[in-house]
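My notes follow the order in which I checked them.

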Amino acid sequence: MARIEIMDIYYNGVIFVKKGQDAEAMGVEGGRVVFTGDLSEAKRWAQDKETVWHDMKGAFLVPGFIDSHLHLLQYGYVLSCPDLSRHTSSIEEIIGALHTFQEKGQKKSGDWIVLRGWNQEQFIGDKRLPTRQDLDLVSKDRPILIYRSCGHIACANTAALLAAGIKKETRNPERGSIDRDEAGEPTGILREYAINLVSTKIPPPDIEVVKAHMIRAMKRLNSYGITSVQSDDFGAFPGLSYKTVIEAYEELEKEGRLTVKVYEQCLLSDQDELDNFLGDGYRTGKGSEFFTIGPLKIIGDGSLGARTASLNSPYADDIENPDNCGISIYSQEELDQKISYGASYGMQVAVHAIGDKAMEMTSRSIIKALEGKKDNPMRHGIVHCQITTPELLKTFREWNLHAYVQTIFMDHDNDIVENRVGRERAASTYAFKTLMDAGVTVSNGSDAPVEHGDVLAGIQCAVTRTTLDGRKTFLREQSLTAEEALHTFTAMGARASFEEEEKGMLLPGMAADFTVLSEDIRKCHPERISNVSVCQTFLNGICVYNSMA
């Protein structure tokens, strides 16, 4: 008996096939796009097949969104806790949120409280950093660690400092610092690798908890129209082995519960751990359709908000530390070695670099590893690319470096960038339009949980260059068109993971990963883009999110 082929046809809307190409209808069969074209073509395709027709009723259908840099596992954890970003108008509000969390929780008094999301730049009035004394008002016995939204600063209460053995005599660790008061006592504020002194004392979750965090994050990401991510998960919890993370993803795939395709950005800071990883045979591209090993992830500096991004000149607004140029995690020699070592094993490399000094160091190391290959065949790239200079922009173009950007950062960074680096230096920063016009491959993301994975909010910021509330604009000449912004969240994201022939566009033969929006964001008012609804999200032709159900 002949097998009956079933085709799904989507029509009566606008289908964004790829940048510069729209269609009236799309056919999906066996999890793949089989055609995109006009309605008459769809009817011809349907003649000899059992067909299900889907009337889009004027909706806008786009390739499934690809977030090219976030922290899926950590995002899932943050979604399980109170979001301090919603309680960040003052230190008093943070303390109130912590009290509420502690009162509602069923945990024992000795268990840790670990939350994330505060941002002193959003405080009303006094914008000082919280201290251990503030957190001691919540509990003197229960260890508390709260991360700034960027994750590069944290505040610990006295119990947490004691658990970590941090005292007046404790020296700053390499690549980090402990803030101290006038008497030399730790204030509770920890920067960069100093956070690890405390965080490593927190017991890591077991594999079932890890899987629960992943599922929670994927559900939220699907609601934003996301079907693929490039995620840094190995460093989500100190003490959690990369093997457990990989095992969790592989188990979820076998169970049919992966609703997002994951390209893992592998943060392996310890050399022995990296050697074990490579010794186990892991390489960029190894894996399955749903979970693939991606680049070696390296942290090059801190964050702009924490004033730990590595700059060539001091921060313009750091009154207490006028010589502060941020923190370079590695020396040039160390960075050369790490990047060349990874590349020698066939690993793509993606380096977190926000400050101009960090990006200059990273580009020098990548160029050295490329050994004259200006086409950059492994597509090595820089994650964040914020405080660029004209010289750095030329380097990106000349050496074909991939730029992993987060346009959603305009929502908060518009308020601080000129203060942090001065107006003159700020004039060449967040230069995403310049990069794209120069032919640089630019993919977009959210860095969740630094920001939520809201793609439409990221697209709005890319187009308007304003905060989401429209209050402050920064370098409007660097605005992207809505179609260019869509390109960064689709085809360019696929290119970052060597999957440009598999997804990111809706051409025949490609995966039927797509998202249905309530209206065409290229035609609505730019300041309304983030208000457009995600109606449905499809992965390999299967609906994984439906707001209309």
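Which residue is the bridge partner of S177 in β13? I found R191 there.

Before going on, I noted that this is a predicted model, where local features need pLDDT of at least 70, side-chain atom pairs count only at pLDDT 80 or more, and totals for chains, interfaces and linings use all residues. Residues are numbered from 1 along each chain as its sequence is written, and side-chain values use heavy atoms, with hydrogens and water left out.

**The sheet**

I looked up β12 and strand β13 (residues 186-192), which run antiparallel and are joined by 4 bridges. Strands here are DSSP runs of E with at least two residues, helices are runs of H or I with at least four residues, and both are numbered from the N terminus. Two strands pair if DSSP finds at least two bridges between them. The hairpin of β12 and β13 has 5 residues between the strands, and G184 takes a positive phi near 85° there. I also checked cover: 4 of the 5 residues of β12 are buried (buried means under 20% relative accessible area, exposed over 50%, partly exposed in between, with a 1.4 Å probe and protein chains only).

Next I traced the whole sheet. It is open, has 5 strands in the order β9-β10-β11-β13-β12, and its pairing is mixed. β9 (113-118) and β12 (176-180) each have a single partner strand, so one side of each is left without a neighbour in the sheet. On average, neighbouring strands are turned by 25° against each other, direction ignored.

At the β9 end, I found 5 bridges in the parallel sense between β9 and strand β10 (residues 144-148). R116 has Y147 as its bridge partner in β10. Helix α3 (residues 91-104) lies across β9 and β10 and runs at about 145° to β9. Axes are lines fitted to C-alpha atoms, for helices over the stretch in contact (heavy atoms within 4.5 Å), and angles run from 0 to 180 degrees between N-to-C directions.

**S446**

I found S446 in the loop between β20 (442-444) and α17 (455-464). S446 has a relative accessible area of 4%, so it is buried. Its side chain makes a polar contact of 2.7 Å with the side chain of D67 (N or O atoms within 3.5 Å; within protein, one must be able to donate a hydrogen and the other to accept it, and residues adjacent in sequence count only if both atoms are side-chain atoms). The side chain of S446 also reaches the backbone nitrogen of A448 at 3.1 Å.

**R379**

I placed R379 in the loop between α11 (356-370) and β18 (381-384). R379 counts as buried because its relative accessibility is 14%. A polar atom of its side chain lies 2.8 Å from the backbone oxygen of R495.
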